[in-house]
Amino acid sequence: MKRKLMELTGLWLVGILLLASCGNADKKTPLSPSQGLPGELLLVVDQSIWNTNARDSLEDVLKGGMPGLPQYEPIFRMMRLFPQDFSGKYALMRNILEVRMDPKANGVEMGAAYNVEAVPQTYVSIKAHDIAALNHFLMTKRDVITGLFTESELKWEAGRLKTKYSKLVDDASRKIFGYTVKVPSDIEKVKNAEHFIWASTDRLDQDMNYVCYSTPLADSTVWLSDRWVALRDSAMQRNIPGEKPDQWMTTTVESGKPLVMQRAVRLPDGKTVYEMRGLWEMHNGGIGGPFVSLAYPDSAHGRMLITEGFIYSPDSHKRDLVRRMEAALRTFSPVKR
């Protein structure tokens, strides 16, 4: 298989790598559609590596838990092949990680290519001079490695949503906020309030929910602190009540601290937003689940627009549902006039 790989050095040029696309201009025939379930990743690894303790390091990276879920679910659904078995349909997998031994490698070298044999496709290659160097690299650069495939999964999911989405939610968002958003088409129950949207699939399991609300624009310290949690809880208490008067949605707290993670995120289009993910529960209600939220600064109108996807799925896995809602949040953008 011919590969065009970008070698990464220094700080690994993460931002450039996530935005770059190698394409396949030298191919004269159209690429096939890629294959793979949501969250599925193919690991192609030398057997000489798999038979060492580097196997544990690889599994720690690729089977590590997805953050923000109430129970362990691996960040990827991993398949494994040795190089001699890597051909045919496997070359069309959407996410491929190749790990090889190479005595000529300068320590450990990593590169990435996109749309090599199929589209969309992310192909990451790691070449290691020795096992010790490989183990160290895997443990120190795990977020870089997983981030490449996570970004690709979100982009793939967002692409699918843009072709099939809930028009009811999009229309409500355009009317209330002047922004378009593409959430899963089965989110059809919509509740509008002043500067607030709540939309849901309204299911007993695998229930996906979308929320959007606005607050006055504030400096970045708000969105990287418990003050965001307080804003969230206030908005949810007013707009998402339970069946009884003393029930409402709130952020889960443990030992006095909300169970959330916050960070600034630079999206592929160059826009910086703020992310919060964690757990929600119904106050006095005995139910809950994971959520992910993105806050979009809208300086033109002096406001922050906060989008959120939350999941209620007590009897099934939640990873793919959360990732799908996270991808939907990334489609949020101003309506073009």
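**Exercise 1. Backbone geometry in loops**

Between which two strands does the loop that holds proline 120 lie?

*Solution.* The model is predicted: local features need pLDDT of at least 70, side-chain atom pairs count only at pLDDT 80 or more, and totals for chains, interfaces and linings use all residues. Residues are numbered from 1 along each chain as its sequence is written, and side-chain values use heavy atoms, with hydrogens and water left out.

Step 1. Proline 120 lies in the loop between strand S7 (118-119) and strand S8 (122-128). Strands (E, at least two residues) and helices (H or I, at least four) are DSSP runs, numbered from the N terminus.

Step 2. The peptide bond that leads from valine 119 to proline 120 is cis, its omega being near -10°.

Step 3. Asparagine 115 is in the loop between strand S6 (108-114) and S7. Its phi is positive, about 55°, although asparagine 115 is not a glycine.

Step 4. Asparagine 115 counts as buried because its relative accessibility is 17%. Buried means under 20% relative accessible area, exposed over 50%, and partly exposed in between, with a 1.4 Å probe and protein chains only.

**Exercise 2. The chain as a whole**

Determine the secondary structure content and the overall dimensions of the protein chain.

*Solution.* Step 1. Eight helices and 20 strands make up the secondary structure of the protein chain.

Step 1. For 337 residues, a compact globule would have a radius of gyration near 20 Å, and the 21 Å of the protein chain agrees with this. The radius is taken over C-alpha atoms, and the globule rule is 2.2 Å times the number of residues to the power 0.38.

Step 2. Along the principal axes, the C-alpha atoms fill a box of roughly 65 × 50 × 40 Å. Of the 337 residues, 49% count as buried.

**Exercise 3. The second largest pocket**

Which residues lie nearest the centre of the second largest pocket? Characterise the lining, and then examine aspartate 202.

*Solution.* Step 1. A pocket is an open set of points on a 1 Å grid over the protein atoms alone, where a 1.4 Å probe fits, with protein on both sides within 12 Å along at least five of seven lines; lining residues have an atom within 4 Å of a point.

Step 1. The lining has 21 residues, and Trp198, Asp202, Asp207, Met282 and Ile287 lie nearest the centre.

Step 2. At least two lining residues come from each of strand S10 (189-193), strand S11 (196-200), strand S12 (207-216), strand S17 (272-282) and strand S19 (303-312).

Step 3. The lining divides into ten nonpolar, five polar and six charged residues. Ala, Val, Leu, Ile, Met, Phe, Trp, Tyr, Cys and Pro count as nonpolar, Asp, Glu, Lys and Arg as charged, and the others, Gly among them, as polar.

Step 4. Aspartate 202 is placed in the loop between S11 and S12. Aspartate 202 has a positive phi, near 55°, in a residue other than glycine. With 55% relative accessibility, aspartate 202 counts as exposed.

**Exercise 4. Aromatic rings**

How many aromatic pairs does the structure hold? Classify two of them, and state which parts they tie together.

*Solution.* Step 1. There are six aromatic pairs. Rings of Phe, Tyr and Trp (its six-membered ring) pair if their centres lie within 6.5 Å; planes under 30 degrees apart are stacked, over 60 edge-to-face, and the rest tilted.

Step 1. Phenylalanine 196 and tyrosine 213 are stacked, at 6.0 Å centre to centre and 20° between the planes. Phenylalanine 196 belongs to strand S11 and tyrosine 213 to strand S12, so this pair ties together parts 17 residues apart in sequence. Both phenylalanine 196 and tyrosine 213 are buried.

Step 2. The ring centres of tryptophan 280 and phenylalanine 310 are 5.3 Å apart and the planes are at 70°, so this pair is edge-to-face. Tryptophan 280 lies in strand S17 and phenylalanine 310 in strand S19, so parts 30 residues apart in sequence are tied together. Tryptophan 280 counts as buried at 4% relative accessibility, and phenylalanine 310 is buried with a relative accessible area of 3%.

Step 3. Ring pairs also link Tyr179, Tyr296 and Phe332 into a cluster.
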